[in-house]
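Please look over the sequence and the model together before reading on. The text below walks through the chain step by step.

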Amino acid sequence: MNKAFVKESDNDDDDDEALALARAIPAGSKNYITPAGHQAIKDELLQLIDVDRPEVVRVVHWAASNGDRSENGDYIYGKRRLREIDRRIRFLTKRLDSAFVVDPSVHHGNDQVFFGATVTYVNKAGEEHTVTIVGIDELDPLKGKISWVSPVARALTKAREGDTVALHTPQGNDELDILSVEYPAPVAD
């Protein structure tokens, strides 16, 4: 196979990540994140820098010392993995630089929905859902963590316990009855 068809470009993924960052955060908004989400990104970044990258560099160095690199699987895979790690390090560094940490525990005891709230609501169909409003880097819909820019979070934000809010979806309009609003308790120092 001609190498022109398998050559990877290092710049393509950087452009994709920059575009994803621009799309995910509304223009003029900050990259809000909870302290736990900020720490998770820092932990992943340190893991990549301190453990994963040095290990791959060691393997690539060993593979390069074996001679012919054109058909050396360890070398080829190692170089590709090294590019992936470096790309992820750049992405995480940009995310940390743009992060604005918001501690949701400052709203502990409040019944109004803000960033970091855990909200239980019922829709028109009678289905009960519990979601936590988090940053775009923390979202995990299967665990009930939704991004603050999602339509559900935007509909719930600033509403209070007992309120009914309108949610506009592609399937039509829905109404969400807010049953409870909770925030984590402040951590004592």
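Predicted model: local features only at pLDDT ≥ 70, side-chain atom pairs only at ≥ 80, totals over all residues.

Residues are numbered from 1 along each chain as its sequence is written, and side-chain values use heavy atoms, with hydrogens and water left out.

The secondary structure of the chain consists of four helices and seven strands. Both kinds of element are DSSP runs numbered from the N terminus: helices are H or I runs of at least four residues, and strands are E runs of at least two. Along the sequence their order is α-β-α-α-β-β-β-β-α-β-β. The chain has 189 residues, of which 33% count as buried; buried means under 20% relative accessible area, exposed means over 50%, and partly exposed lies in between, with a 1.4 Å probe and protein chains only. A contact is defined by heavy atoms within 4.5 Å. Of the contacts between residues at least 6 apart in sequence, 60% join residues at least 24 apart.

The strands can be followed through their pairings, where two strands pair if DSSP finds at least two bridges between them. Strands β3 and β4 run antiparallel and are joined by five bridges. Within this pair, T120 stands opposite T130 in β4. The two strands form a hairpin with five residues between them, where G126 has a positive phi near 85°. On β3 there is also an antiparallel pairing with β7, over five bridges, and here T118 faces E182 in β7. Strand β7 in turn pairs with β6 in the antiparallel sense over six bridges. In that pair V165 is opposite L176 in β7, and the hairpin formed by β6 and β7 has two residues between the strands. Strands β4 and β5 run parallel, joined by three bridges. T132 has K145 in β5 as its bridge partner.

Next come the nonpolar cores. Such a core is a set of buried Ala, Val, Leu, Ile, Met, Phe, Trp, Tyr and Cys residues joined through side-chain atoms within 4.5 Å. The largest one has 23 residues, and V113, L156 and I178 have the most contacts inside it. Two or more residues of this core come from each of β3 (118–122), β4, α4 (151–156), β6 (164–169) and β7 (172–182). Helix α4 gives the most, with four residues. Leaving aside residues up to four places away in sequence, L156 touches V113, V119, Y121, V131, V165, L176 and I178. Another core lies apart from this one and has 15 residues, including I41, L48, I85 and L92.

Some single residues can now be placed. S147 is in strand β5 (residues 145–147). Its relative accessibility is 7%, so S147 counts as buried. Beyond residues up to four places away in sequence, S147 touches V134, G135, I136, L139 and A153.

F114 sits in the loop between β2 (99–101) and β3. Because its relative accessibility is 23%, F114 counts as partly exposed. With residues up to four places away in sequence not counted, F114 touches H107, I133, K158 and Y183. The C-alpha atoms of F114 and R154 are 9.7 Å apart, although 40 residues separate the two along the chain.

K158, one of the residues that F114 touches, is in the loop between α4 and β6. With a relative accessible area of 58%, K158 is exposed. Phi of K158 is near 75°, which is a positive value in a residue other than glycine.

The last stop is a pocket. Rolling a probe the size of a water molecule over the atoms shows where empty space is left. On a 1 Å grid over the protein atoms alone, a pocket is an open set of points where a 1.4 Å probe fits, with protein on both sides within 12 Å along at least five of seven lines; lining residues have an atom within 4 Å of a point. The second largest pocket is lined by 22 residues, with T34, A36, G37, E138 and K145 nearest its centre. Two or more lining residues come from each of α2 (35–64) and β4 (128–134). Helix α2 gives the most to this lining, with five residues.
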